[in-house]
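Work through the exercises below with the sequence and the 3D structure at hand. Each task is followed by a worked solution.

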Amino acid sequence: MKNWKVAFWSCLTVLIIISLLAVYSLVDQAYRVTYHKVSYDNMEKDFVQIIEIINYTDLIKKQIMEELENHALYEFMDFNSDTIPLNRALLIFDKDNLIEIMKL
């Protein structure tokens with residue numbers, strides 16, 4: 001009778017541990033998928049913004065500033081420097097002309 005009780009409690013403990021690990025794994029995966037979706041959305045927004053900058057401006061800083069007025073991070077952008085950050089990209093200027101677009 002005593003062997004049965006030991007086996008029962010051992011199996012119950014293992015079952016609880018495995019269940020907790022499975023729940024943790026599911027929650028972790030949900031957070032990862034959400035993070036990747038947000039990151040992908042930010043990258044997509046940058047891509048659209050860069051397309052608009054290239055198609056509708058002469059690649060001059062003043063025109064690009066006007067194009068970026070609707071950007072979510074506009075108030076945090078420093079237009080006095082030679083580098084303007086977007087969500088996942090950098091616009092690099094030389095003498096107020098866009099010379100390069102880099103990823104972060």
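**Exercise 1.** Find which residues form the largest nonpolar core.

Solution. A nonpolar core is a set of buried Ala, Val, Leu, Ile, Met, Phe, Trp, Tyr and Cys residues joined through side-chain atoms within 4.5 Å; buried means under 20% relative accessible area (1.4 Å probe, protein chains only). The largest such core has 12 residues: Ile50, Ile53, Ile64, Leu68, Met77, Phe79, Ile84, Leu86, Ala89, Leu91, Phe93 and Leu98. Two elements, α1 (2–56) and β2 (89–94), each give two or more residues to this core. The largest share, 3 residues, comes from β2. Helices (H or I, at least four residues) and strands (E, at least two) are DSSP runs, numbered from the N terminus.

This is a predicted model, in which local features need pLDDT of at least 70 and side-chain atom pairs count only at pLDDT 80 or more, while totals for chains, interfaces and linings use all residues. Residues are numbered from 1 along each chain as its sequence is written, and side-chain values use heavy atoms, with hydrogens and water left out.

**Exercise 2.** Explain why β2 is largely enclosed by the rest of the structure.

Solution. Of the 6 residues of β2, 5 are buried, so the strand is largely enclosed.

**Exercise 3.** Determine which strands pair with β2.

Solution. Two strands pair if DSSP finds at least two bridges between them. Strand β1 (residues 83–85) pairs with β2 in the antiparallel sense over 3 bridges, and Ile84 has Leu91 as its bridge partner in β2. A hairpin with 3 residues joins β1 to β2. Strand β3 (residues 97–103) runs antiparallel to β2, with 6 bridges between them.

Terms used. Buried < 20%, exposed > 50% of the residue type's maximum accessible area, 1.4 Å probe, protein only.
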